[in-house]
Amino acid sequence: MERLLHELFTDTKDFYQTTRTMSAKQSTKTAPTNGNLKGKDFASDQDVRWCPGCGDYTILKQVQTLMPKLGVPRENIVFVAGIGCSSRFPYYMNTYGLHGIHGRATAIATGLKASRPDLSVWVTTGDGDCLSIGGNHFIHLLRRNLDINILMFNNEIYGLTKGQYSPTSHVGHVTKTSPMGSLDSPFNPLTLALGANGSFVARAIDRDPKHLQEILERSAGHKGTSFLEIYQNCVVFNDGAFQPWTDKERKSNNSIYIYDEKPLVFGKEDEYGIRLDGHKPEIVDLRSNEWSVNDLWVHDEKDRNKAFILSRFFEDNWVEGAFPRPFGVLLAEERATYEDLLHRQIAAAKERLGEPGLEDLLSGEETWEVR
Amino acid sequence: MSVKEKQEKFKKEVTIRFSGDSGDGIQLTGSQFTSTIAISGFDLSTFPDFPSEIRAPAGTVSGVSGFQIHFGSKAIHTPGDSCDVLVVMNAAALKANLKSLKTGGIIIANSDGFHKRDLSLAQYPVDATPLQDAKDSGYTVIEIDVTRLTRESLKDTGLPNKDIDRSKNMFVLGVLYWLYSRPLEPTVSFIQKKFKKKPLIAEANVRALNDGYTFGIATELFSERYNVEAAPIEPGTYRNITGNDATSLGIAAVAKNSGVPVFLGSYPITPASEILQYLSGLKHYGVTTYQAEDEIAAIASAIGASYGGSLGVTTSSGPGIALKSEAITLAVMLELPLVIVNVQRAGPSTGLPTKTEQSDLLQALYGRAGETPLVVVSPASPAECFSITYEACRIAVEHMIPVMVLTDGYIANGSEPWKLPKKSELKPFRFRFAKADEQSDSQTPFLPYKRDDNLVRPWAIPGTKGLEHRIGGLEKQHETGHISYDPDNHQLMTELRKEKRDNIAKVIPGQEMDEGSDSGKLLVVGWGSTYGAIKSAVTDVREEGCDVSYLHIRHLSPFPANLGDMLRRFERILVPELNQGQLVKLLRDTYLVPAEGYNRIRGVPFTVAELREKITETYNRS
Ligand code: SF4
């Protein structure tokens, strides 16, 4: 098979070149729409059983609102989940849905998408499901880059098992299993995703549904694995975990909303900016005469290195001079999807080796007759 | 050249063991000899014996590679307990294998592999003379300086000695072909094909082969040569095949013939990796393969594919199956088709990964959380891996249930002649994907767990308009598939899942007696790879006048419907297994019969001799 790939693409550079253009060409979805469906047509007949006030409700609403915009027939949409509060999601969507086992949604979705590239496949998962028990499958999905949309609801706690610290809980977090404070250094999910060669990495927050909708749409439009971390408030076991970033006014000193080709500005009146001194980011005050918007770092969604720097804006907000937490699309890179390569490889094999009959295969190299 | 007339003797059966350093090309020599023997119409059975380490130091006992072939003019069921002829390329090979040579057997030794250094690497004492010792103990030792002779034979090829020495195995093969009166042509054409792009190497190998043969004619070393009569074999087209290759082809045949696309999600593990390797090169036959990041992802991807309308298959060995067990419970709940191949190895934990054992039967049946009934089948020989795997896939698809295929390292690597099946023997599966208008009118919702007469639920795949539904690992309400915590519903669903599995007993073939009468004093019961050894032993003791019967179970869950009746017609039941007594427990538990076990767990197959002894002893016990 290696041989076949090599014959398809004479050298590695050519290989990536070809596959890049290939995925770019196919990224426009042309599937017929499903009539005049509305968001509510994507609600299933099941009662939603999250705690009142849970951030999951907003996310559900936004995803249902998004669905008719996909231009994908309802029957071609599948939600796959693991275990946890977030993973009940498929039951509430009037699409196909598979509620699997803890941590394995990404692995199940991989088999589904690889064998059925025609489907729009979504994974809803949480910080524990995705990054702890499912960490391995998560990073491998990212590197393979199947066209799957991962929505990771990060509430920094285990909700369904009633309040234990998770791989995103901060150091010192007091929970049922860390009554003296958690000792674990938390994962930075976006850095992890970038490190695993994820091709689309973004963050949104439940309390900003408009922005969430925007980013969901971007995730859906990305050809390749899209990883969207959604800060989600667990009212019962970790209420207020994301308070620093839930300012009503959306723009605060703690958050920065990033847009492609736009300078990095933040603050209530966009009074701060971020400039790059070599590879070192620096917060500048635009009210001083020293710096203007023209000096700022202009966001480039295609720049993996800079996306990495952005993802490192992860300090606790009470740290002096902390960088604001970025929301939006950090990276959107075109890269061949696994399923495209797989099915091209199959097609190439059929073309090169023909579609021989079973008899040839069974006979192997040597047969003999007994009369 | 003085050609001395040598007496030709006829033999009924012969076992030869080739052995040498991993770098000596022993496996190739063995498989070439096998091909030639097979083409000549013998029945045969082989077993390769790989060193446990990939690159053990050259010349040491742990680096010895072996290949045993048993062939003859009668039905051959095992690679043979011990060999008549032992070919040793160095001292380490002799040390590792002398115990498997029959008393008085023939040793063909490469004398160049017995220098001081070789003896010391093999950890013989400094002044040891192992070949002389062997002669003194009554073995016939034929010493040939293979290295020197090969170099001489190829000296004008211009090849460096390093390359010339690689043809040593062909020289030895030539000698063996002469000794057993076999033609050279099949191997010559093999060499020419293999080294098509390196004509010089091809020529060297062919010459070494020819010169080995001529050496056999010319030398005074052999006083006789042998011939073996061909076996009366059922007419047909045959090939030689290993168990793992047969399993792979079974899966490929499903992809090509059954009407269901196949998705194989696997993770490398000894001794199952060959299946993933083989099928990865057969993508043009309709098998999609995927090497996952771990065992769990492998089965999870297969489940995802089954949900999407393929037959998900995953292949592994005991430790990997343990990792997959939670996902298997999911597949049982989802009631999706899934095939899990367990090429068993000696455990627990890492155990003896390259050795064989049958100790995962109870794991297959019970080794999971909750009540998770599935189907378990097991082939009896390398070639049978094909038909049993095909059958496993059929059951999985037609009954929407996970099926486990239990093979083991012994039949996975062992080979035997296989009569090629006709295409008509490979029936398409009876299945179809659910359509929107089948079950209900468009007003009532789709019922994903509404069952047919066999209690099988519909396979409704994404992309089917009007059948959008959600399924998962949570207990489901009967028919609707909605989440249900109702106690009575859980009882009902648990029973239905079991009944669905048990119903399969109605469609599988009834149990047949393999040997002997339908009732009597002693019945021997086997399963899996021990078939050959038990069959040979039972045949032998019957020839000696013990009226013993034998049946071999291929369907282990559910058991064939008539199995209980067959067992109850015997006074005693003996169940030989390469474990601590697993099938025997199941038989006693299921049928309340007084079955007793004969259990060995040494990582090696039963010998026919030990079984013969045990069976005779059990038969004669008052
Ligand atoms: S436990 Fe927390 S995350 Fe789970 S449903 Fe309740 S509020 Fe939401």
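**Interfaces and local geometry of the A–B model**

A:Gly97 stands opposite B:Arg470, a residue of strand E17 of chain B. The model is predicted. Strand E17 of chain B spans residues 470-472 and is joined to strand E2 of chain A by three bridges. The two strands run parallel.

The contact between the chains involves 60 residues of chain A and 70 residues of chain B. The two chains bury about 5,400 Å² between them. Carbon and sulfur atoms account for 62% of that area. Three residues stand out on the chain A side: A:Tyr96, A:Leu362 and A:Trp368. Together they supply 16% of the area that chain A buries against chain B, more than any other three residues.

Polar interactions were then counted across this interface. There are 29 residue pairs in polar contact between chain A and chain B, with both residues at pLDDT 80 or more. Six elements of chain A each give two or more residues to the side that touches chain B. Four are helices: H4 (105-115), H6 (135-144), H10 (338-353) and H11 (358-363). Two are strands: E2 (96-99) and E12 (368-370). By class, this side of chain A has 24 nonpolar, 22 polar and 14 charged residues.

Side chains of opposite charge can pair when their charged atoms come close. Two salt bridges are counted between chain A and chain B. A:Arg144 and B:Glu293 meet through their side chains in a salt bridge, with an N to O distance of 2.8 Å. Over all chains, the count comes to 44 salt bridges. Another salt bridge lies within chain A, between A:Lys223 and A:Asp340. Their closest N and O atoms are 3.6 Å apart. This pair links distant parts of the chain, 117 residues apart. A:Lys223 sits in the loop between helix H8 (209-221) and strand E6 (226-231) of chain A. A:Asp340 belongs to helix H10 of chain A, an element that also gives two or more residues to the side touching chain B.

Domain contacts within each chain were examined next. Chain A is assigned domain 1 (2-262 + 299-342) and domain 2 (263-298). Here 20 residues of domain 1 of chain A are in contact with 17 residues of domain 2 of chain A. The area buried between these two domains is about 1,500 Å². Carbon and sulfur atoms give 70% of it. Zero salt bridges are counted between domain 1 and domain 2 of chain A. Two residue pairs are in polar contact there, both residues at pLDDT 80 or more. On the domain 1 side, strand E7 (255-258) and helix H9 (304-311) of chain A each supply at least two residues. That side has eight nonpolar, five polar and seven charged residues.

Chain B is divided into four domains: domain 1 (7-228), domain 2 (239-425), domain 3 (432-508) and domain 4 (520-620). The centres of domain 3 and domain 4 of chain B, taken over C-alpha atoms, are separated by 39 Å. Five residues of domain 3 of chain B are in contact with six residues of domain 4 of chain B. About 410 Å² is buried between these domains, with 74% from carbon and sulfur atoms. B:Arg501, B:Ala505 and B:Ile508 lose the most area on the domain 3 side, together 91% of what that side buries. The salt bridge count between domain 3 and domain 4 of chain B is zero. One residue pair is in polar contact across this interface, both residues at pLDDT 80 or more. By class, the domain 3 side has three nonpolar, no polar and two charged residues.

Backbone geometry shows several local features. The peptide bond joining B:Thr270 and B:Pro271 is cis, with omega about 0 degrees. B:Pro271 lies in the loop between strand E10 (262-266) and helix H11 (273-280) of chain B. A cis peptide bond also runs from B:Ser557 to B:Pro558, with omega near -5 degrees. B:Pro558 is placed in the loop between strand E20 (555-557) and helix H20 (563-567) of chain B. In chain A, A:Glu156 has phi near 55 degrees, a positive value in a residue other than glycine. A:Glu156 is found in the loop between strand E4 (148-154) and helix H7 (189-195) of chain A.

Terms used
Residues are numbered from 1 along each chain as its sequence is written. Chains are lettered from A and ligands numbered from 1 in the order in which they are written. Side-chain values use heavy atoms; hydrogens and water are left out. Contact means heavy atoms within 4.5 Å. Buried area is the accessible area (1.4 Å probe) that two parts lose on being put together, summed over both. A salt bridge is a side-chain nitrogen of Lys or Arg within 4 Å of a carboxyl oxygen of Asp or Glu. A polar contact is a pair of N or O atoms within 3.5 Å; within protein, one must be able to donate a hydrogen and the other to accept it, and residues adjacent in sequence count only if both atoms are side-chain atoms. Ala, Val, Leu, Ile, Met, Phe, Trp, Tyr, Cys and Pro count as nonpolar, Asp, Glu, Lys and Arg as charged, and the others, Gly among them, as polar. Two strands pair if DSSP finds at least two bridges between them. Domain bounds come from an automatic or database domain assignment.
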